[in-house]
Amino acid sequence: MGEFGGKQMAKVLIVGAGAAGLMAAGAAVRQGHQVTVLEHMDKPGQKILVTGKGRCNVTNDCPAEEFLRHVRTNPRFLYSSLGAFPPAKTMELFEGLGVELKVERGRRVFPVSDKAEEIRQALLRYAQDADIVHDGAKKLLLEEVVPEPEEAPAAPENPRHPKKKKAGPALRCIGVRGTSGREYRADAVLVATGGVSYPTTGSTGDGYRLAQQAGHTLVEPVPSLVSLVSHDADCKKMMGLALKNVTLTLFEDDKAIFDEQGEMLFTHFGISGPLTLSASSHLGDMKKHRYHAEIDLKPALSEEQLYDRITRDFALLANHAAQGALVKLLPSSMQPVMVARWGIDPATRANQITREQKRELVQLMKHWRVSIDARGDLAHAVITSGGVSVREVDPKTMQSKKALGLYFAGEVLDVDAYTGGYNLQIAFCTAQSFANNL
């Protein structure tokens with residue numbers, strides 16, 4: 001290490017040029033360190049482009065203690081890093097990098113431009129003095145730590161209460177061997193490789209393999225924000241249909257556990273889209289509980305108002321058959337599916353539909369039921385729950401308790417949150433903690 005303004009300058013190696021890696025690189029450069037970033041994809045920061053539906057939900061504009069209530073796994077681990085780098089600091093940083101921000105519903109923060117690319121470019125500018133090398137990390141370079149000789153205690157120990165000596169880490173990480181075979185030596189190695197979700201953007205689980213090499217325990221990665229599989233044939237019939245401004249309620253054993261308004265999508269295997277992803281992180285053990293979703297297709301109208309609206313529509317379309325009478329109420333691909341579920345003779349004219357039948361239609365439109373049979377797969381998950389056990393990582397510095405000089409930040413850790421800008425903020429604050437405690 002060289003001297004730097006009275007502070008030691010370290011050689012820092014960061015594995016992964018995603019949100020956490022780029023943030024750590026920029027922060028470490030500002031601390032005066034020499035930084036190299038390894039990225040195995042052609043373009044750094046690929047996953048940033050798919051966040052927030054391509055708009056990039058940068059953070060959530062709320063105080064740290066409120067933030068922690070939205071963290072699903074291991075919130076306590078984040079106390080110190082989030083305290084040191086809360087959402088307000090993330091916003092200040094991006095605004096300082098020239099990105100105008102806005103706050104939307106649910107305090108979600110987006111760039112005014114609605115372009116995730118702007119956030120990616122800002123992070124690349126922040127990290128511009130780091131050396132980004134196109135290479136993967138195949139293996140950690142580890143050496144054994146020789147325990148220091150013990151000095152005789154100044155005062156004789158009380159034999160009844162001997163002091164317990166805690167064994168420190170037995171290993172030291174001194175760098176990485178790249179996929180290319182090249183060796184990169186460093187004083188500090190940060191693994192910021194993401195999870196195993198969206199593998200096409202480069203999150204292929206490499207970080208987990210590196211962590212295991214240093215003896216870390218992995219919490220089995222499971223998809224957290226995912227599409228949901230339904231064996232309900234109606235989903236396939238409406239595949240590709242996107243619904244806007246609907247309310248989705250998720251039930252666990254007939255008790256509502258999630259309810260939010262927004263957008264969703266029917267697919268060939270079930271349901272997807274932003275609302276579905278949010279709902280999916282509330283699913284528990286699917287072997288122990290039964291789940292189903294209900295969609296309110298007209299959340300702005302009460303049942304009475306919807307009944308009156310249907311009555312007016314049917315009066316205007318008096319001579320149309322049942323499906324034609326739904327033309328103003330529902331998207332075209334949903335009309336035949338609704339008629340079939342409604343159980344009415346498709347030939348019935350609008351002016352022959354009884355009050356009772358109209359009431360049934362109101363119920364179907366306010367409570368469209370979809371069984372939930374399984375979670376979608378990891379390849380299509382937005383966030384991976386699971387990762388490197390946080391019991392083996394120092395929450396202040398992000399240093400491994402198994403190997404000196406080895407650090408972790410972002411999604412590779414077993415910390416994950418609900419959707420709404422929280423997961424990116426976790427990447428940013430853990431990266432800052434690493435850089436500021438070098």
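Begin by selecting strand β3, helix α1 (residues 19–30) and β4, which form a right-handed β-α-β unit; right-handed denotes that, with the strands pointing away from the viewer, the path from the first strand over the helix to the second runs clockwise. Helices (H or I, at least four residues) and strands (E, at least two) are DSSP runs numbered from the N terminus.

The model is predicted: local features need pLDDT of at least 70 and side-chain atom pairs pLDDT 80 or more, while totals for chains, interfaces and linings use all residues. Residues are numbered from 1 along each chain as its sequence is written, and side-chain values use heavy atoms, with hydrogens and water left out.

Next, display β3 (residues 11–15) with β4, to which five bridges join it in parallel; pairing requires that DSSP find at least two bridges between two strands. V15 has L38 in β4 as its bridge partner.

Colour β4 (residues 34–39) by accessibility: five of its six residues are buried, so the strand is largely enclosed by the rest of the structure. Buried means under 20% relative accessible area, exposed over 50% and partly exposed in between (1.4 Å probe, protein chains only).

Continue from β4 to β9, where four bridges make a parallel pairing and E39 is partnered with H134.

Now show the whole open sheet, whose five strands follow the order β9-β4-β3-β13-β24 with parallel pairing. Its edge strands, each pairing on one side only, are β9 (131–134) and β24 (406–408).

Finish at β13 (residues 188–191), which three bridges join to β24 in parallel. Select L190 there; Y407 in β24 stands opposite L190.
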